[in-house]
Amino acid sequence: NKYFLDDVRLKYPDDFDRIRRMSLIDEDGERYVRMAHLACVGSHAINGVAALHSELLKQDVLRDFYEMYPEKFSNKTNGVTPRRFIVLSNPRLTKLINSKIGDNWIKNLEDLRKLEAFVDDPEFRQEFRQIKHAIKQDLATYIKQQYDITVDPNSLFDIQAKRFHEYKRQHLNTLHIITLYNRIKANPDIDITPRTFLFGGKAAPGYYMAKLMIKLITAVSEVVNRDPDVRDRIKVLFLKDYNVKFAQRVYPAADLSEQISTAGKEASGTGNMKFALNGALTIGTLDGANVEIREEVGEENFFLCGLTTEEVYALKASGKYNPRQYYENNAELKKVIDRIASGFFSHGDTELFKPMIDSLLNRDEYLLLADYQSYIECQDRVSQAYRDQDRWTRMAILNVARMGKFSSDRSIHDYCTDLWHIQPINVELEEDAHVKIDGLSGSI
Ligand SMILES: *Cc1c(COP(=O)(O)O)cnc(C)c1O
């Protein structure tokens with residue numbers, strides 16, 4: 001730290017505040033090591049994992065370090081492996097793609113773009129739709145076996161699968177579910193697009209609010225799934241023990257991928273990529289890699305909602321954000337919050353969800369109430385779009401065809417060439433090498 005701060009002093013003489021800010025040791029109160037600063041000094045390269053994240057590092061989180069060492073900074077947008085997240089997890093889709101464009105896409109994901117040529121082929125669209133339906137049927141069968149709950153594979157499968165965290169806002173998704181439920185209760189004959197809401201994910205053991213978010217979902221599901229007024233038009237299910245192996249079953253079954261983190265909070269996300277590669281449409285905020293996914297697939301094939309990072313920062317900086325005002329001024333939102341607070345989903349217990357209601361109405365650090373109306377309006381557009389199955393399928397195909405950028409082959413290649421300066425070497429493989437992972441097998 002002594003040598004490092006000497007360097008800072010040389011570059012910025014007498015800028016004592018900067019020296020204090022950049023020190024490897026925080027000495028404001030109790031002294032502690034700033035691990036991120038230590039990493040910046042020790043590393044020859046620093047990168048964000050999506051374009052937005054890299055910009056935030058330079059302009060905000062690591063601004064002083066960017067000013068001192070601009071040449072260290074770059075972006076490497078994340079990717080996922082098509083071997084696990086398409087070939088292994090979705091053999092039906094793999095076979096369909098191979099029948100149209102061969103199998104070179106498995107090693108060169110940009111080749112998926114060749115699928116665009118088939119989007120106007122009605123037979124291809126029908127096959128694509130049948131495959132999605134068959135995968136949803138499989139998951140429905142699993143859900144029947146494991147949970148004894150019947151879900152309709154013709155309904156819109158709306159899935160949020162990721163770790164539970166307030167910034168990922170599974171509870172915003174839940175506010176939408178309760179909104180639909182309230183609409184049905186107010187008008188039982190209302191014409192709504194049937195949906196199956198699926199959640200998967202774990203909370204960290206000590207993260208009380210994340211566990212309460214899971215509790216809210218299971219509480220809502222117990223009421224909604226049994227209410228005869230709902231007439232099975234919406235179903236809600238929390239899938240337990242979410243892990244990578246189970247994730248491979250879940251991503252291919254989605255019609256809609258929930259990527260609704262508070263803008264500026266998600267570094268990249270990779271679940272967003274796995275869903276879109278398997279033909280789900282995304283409802284999402286301009287956060288992490290969502291920004292680049294939307295650029296790639298086209299804004300007309302992406303459901304955008306919520307505040308931008310700049311708007312989030314401005315609202316917070318103003319010091320004027322009052323979530324209770326949104327609650328008071330939005331009748332539908334007020335009914336949703338009041339239903340939770342009344343104990344309706346908790347056997348009359350008005351204490352259970354109080355910490356969450358209190359957090360949302362008085363602080364709302366993750367701006368759920370600010371984004372509620374935008375999210376609900378966007379979900380209403382999703383419901384409308386799903387009614388035109390042929391149009392929906394076109395959008396889904398274009399998502400798959402335009403996701404080539406998000407291969408981990410591309411991201412790792414970028415690290416190799418730009419940062420590590422290493423070349424690929426040839427590895428001799430046996431003919432017909434087989435992969436076998438977790439009991440699933442396929443050939444490459
Ligand atoms: C991909 C993946 C994640 C990451 O999901 P995000 O939506 O990007 O947070 C988490 N858990 C499992 C099991 C995954 O496969």
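**Salt bridges and a nonpolar surface patch**

The side chains of K185 and D229 form a salt bridge with an N to O distance of 2.8 Å (a side-chain nitrogen of Lys or Arg within 4 Å of a carboxyl oxygen of Asp or Glu). This pair links distant parts of the chain, 44 residues apart, with K185 in helix α9 (residues 170-186) and D229 in the loop between α10 (208-224) and β7 (234-239); helices (H or I, at least four residues) and strands (E, at least two) are DSSP runs, numbered from the N terminus. K185 is partly exposed, at a relative accessible area of 27%, and D229 is likewise partly exposed, at 30%; buried means under 20%, exposed over 50%, and partly exposed in between (1.4 Å probe, protein chains only).

The model is predicted, with pLDDT of at least 70 required for local features and 80 or more for side-chain atom pairs, while totals for chains, interfaces and linings use all residues. Residues are numbered from 1 along each chain as its sequence is written, and side-chain values use heavy atoms, without hydrogens and water.

Across the whole structure, 40 salt bridges were found. One of them joins E67 to R63, with the closest N and O atoms 3.3 Å apart. These residues are four apart in helix α5 (residues 63-68), and are therefore separated by about one helical turn.

V33, M35 and L38 form a nonpolar surface patch with about 280 Å² of accessible area together (Shrake-Rupley method, 1.4 Å probe, only the protein chains shown counting as cover). Patch residues have over 30% relative accessible area and no salt bridge, with like charges joined within 9 Å and nonpolar side chains (Val, Leu, Ile, Met, Phe, Trp, Tyr) within 5 Å. V33 lies in strand β2 (residues 32-33) and is partly exposed, at 42%.
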